[in-house]
Amino acid sequence: MIIKFFEALVQYDFLQNALITSLIVGVVAGVIGSFIILRGMSLMGDAISHAVLPGVAMSYIIGTNYIIGASIFGLMAAGLIEYVNQKSKLKTDTAIGIVFSSFFALGIIMISKADSSTNLTSILFGNVLSVTKNDILLTGIVGIGVLLFVVLFYKELQLSSFDPTMAKSSGLNVKAFHYALVFALTLVAVTSLQTIGTVLIVALLITPAATAFLLTNRLSTMIVLSASFGAVSAVIGLFFSYSFNYPSGATIVLTAAFFFMLAFIFSPKQGIIFKKKEVLVSE
C-alpha cells in the first residue's frame with residue numbers, strides 16, 4: 001500500500017501538489033501554533049477559522065479569490081472580538097463565542113445561496129487532492145511571510161508571550177505584536193482551508209504545538225518539534241486520505257491527535273506513566 005502511494009506520488013501531479021501544500025501548512029501551522037498555545041489564544045484561533053467562512057462564500061458568489069474574502073472576514077472577526085471585549089464587561093471567551101458563531105452562521109446562510117456548493121463543502125472539511133499550482137504558490141508565499149515574521153521578531157514574540165508586563169515596561173508595543181500575531185493566524189487559517197477545512201483548522205494549529213509542549217521546556221525546541229509534528233501528520237494523513245478515500249482534513253488531524261496521545265502517555269517529563277512512577281517513588 002505504501003509502495004503504491006509512492007508510485008502514485010511520482011505519477012500524478014495532483015498528489016504532488018497535495019503533498020507540497022500539506023507540508024507547508026503543517027510546518028507553518030506548527031510554528032504559529034506554538035505562540036497560540038503559549039498566549040492562551042486557542043479560542044481565538046477557533047473563532048478566526050470559523051469566521052472566514054462567510055468571506056469564502058462571498059468570494060465564490062462574486063467570483064474573486066477566496067483568499068481575499070476569507071482574510072477580510074477573519075480580520076473583521078478578530079477586530080470585533082477585541083472591540084466587544086473592550087467596550088463591555090463580557091470576558092474574552094464570551095465575546096469570541098458570540099462573534100465566531102455569528103460569522104459561522106452567516107457563512108452557512110451564504111453557502112446555501114452560492115452556486116458552487118460542492119467547492120464550499122470542500123472548504124468546510126478540506127480536500128487537499130484538489131489543490132492547484134496557484135494554491136501552492138499562495139500557500140508558499142503566506143508560509144514564507146509567516147516564518148519570516150517569526151524569525152525577525154522572535155525575541156519580541158518570546159518576551160510578550162512569557163511576560164507581557166515586562167515586555168510593556170521595556171517599551172515593547174505588546175498590543176501591536178498581538179494584532180500582528182492575529183493577522184498571521186488569520187493568514188495561516190485561510191491558506192489551510194483546502195487542506196484541513198474551516199471546521200478542523202484549529203486542531204492543526206493547536207495539536208502539534210500541544211504535543212511539543214509536553215516534550216520540552218524550551219520555546220525554540222517547541223517550535224521545531226511542533227513544525228515537525230505538523231509536517232509528519234500532514235504527510236501521513238495525506239497517505240490515509242489517498243489510500244482509503246478519507247477526507248484529508250480529518251485524517252491529518254487524527255494523525256496529529258495520535259502523536260499527542262503518545263506524548264501525553266509517554267513523555268519523559270509530563271507523560272502520565274512517568275508521573276505515576278514519580279508518585280510511587282515519593283510515597
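Modeller: His50 is found in helix H3 (residues 42–51), where helices (H or I, at least four residues) and strands (E, at least two) are DSSP runs, numbered from the N terminus. The model is a predicted one, in which local features need pLDDT of at least 70 and side-chain atom pairs count only at pLDDT 80 or more, whereas totals for chains, interfaces and linings use all residues. Residues are numbered from 1 along each chain as its sequence is written, and side-chain values use heavy atoms, with hydrogens and water left out.

Biologist: Why is His50 called buried?

Modeller: The word buried is kept for a relative accessible area under 20%, exposed for one over 50%, and partly exposed for what lies in between, with a 1.4 Å probe and protein chains only. His50 has a relative accessible area of 10%, so it is called buried. With contact meaning heavy atoms within 4.5 Å, His50 meets Phe100, Phe104, Thr198 and Val199, once its neighbours within four places in sequence are set aside.

Biologist: What makes Thr21 buried?

Modeller: Thr21, which lies in helix H2 (residues 13–38), has a relative accessible area of 2% and is therefore buried. Leaving out neighbours within four places in sequence, Thr21 is in contact with Val131, Ile136, Thr139 and Thr195.

Biologist: What relative accessibility does Gly230 have, and how does it count?

Modeller: Gly230, in helix H13, has 0% relative accessibility and so counts as buried. Gly230 touches Gly26 and Pro208, residues up to four places away in sequence not being counted. Gly230 and Gly30, although 200 residues apart in sequence, are 5.4 Å apart in space from C-alpha to C-alpha.

Biologist: Why is Asn65 called partly exposed?

Modeller: The relative accessible area of Asn65 is 35%, which is why Asn65 is called partly exposed. Asn65 sits in the loop between helix H4 (53–62) and helix H5 (66–87), and its contacts, apart from neighbours within four places in sequence, are Ser59 and Leu138.

Biologist: What makes Asn245 exposed, and what is said of its phi?

Modeller: Asn245, in the loop between H13 and helix H14 (248–266), has a relative accessible area of 68% and is therefore exposed. Asn245 also has a positive phi of about 60° although it is not a glycine. Most residues other than glycine have a negative phi.

Biologist: What makes H1 roughly perpendicular to H2?

Modeller: Two packed helices are described by the angle between their axes and the distance between the axes. Axes here are lines fitted to C-alpha atoms, for helices over the stretch in contact, and angles run from 0 to 180 degrees between N-to-C directions. Angles under 35 degrees count as roughly parallel, over 145 as roughly antiparallel, 65 to 115 as roughly perpendicular and the rest as oblique. Helix H1 (residues 2–11) and H2 pack at about 100°, with their axes 6 Å apart, and that angle makes H1 roughly perpendicular to H2. Phe5, Ala8, Leu9, Val10 and Gln11 of H1 make this contact with Asp13, Leu15, Gln16 and Leu19 of H2. By class, the residues of the contact of H1 with H2 are six nonpolar, two polar and one charged, where Ala, Val, Leu, Ile, Met, Phe, Trp, Tyr, Cys and Pro count as nonpolar, Asp, Glu, Lys and Arg as charged, and the others, Gly among them, as polar.

Biologist: Why are H9 and H13 called roughly perpendicular to each other?

Modeller: The axes of helix H9 (residues 154–162) and H13 come within 12 Å and cross at roughly 105°, and H9 and H13 are therefore roughly perpendicular to each other. Tyr154, Gln158 and Phe162 in H9 meet Leu219, Ser220 and Ile223 in H13, a contact with four nonpolar, two polar and no charged residues.

Biologist: How do you know that the protein is as compact as a globular protein of its length?

Modeller: The protein has 15 helices and zero strands. Its radius of gyration is 19 Å, close to the 19 Å that the globule rule gives for 283 residues, so the protein is as compact as a globular protein of that length. That radius is taken over C-alpha atoms, and the rule is 2.2 Å times the number of residues to the power 0.38. Of the 283 residues, 48% count as buried.

Biologist: Where does pLDDT stay under 50?

Modeller: On the scale of pLDDT, the predictor's confidence in each residue from 0 to 100, the protein averages 85, and 93% of the residues score at least 70. Over residues 278–283 pLDDT stays under 50, and the model has zero contacts beyond four places in sequence for them. Where pLDDT is low, the predicted coordinates should not be read in detail.
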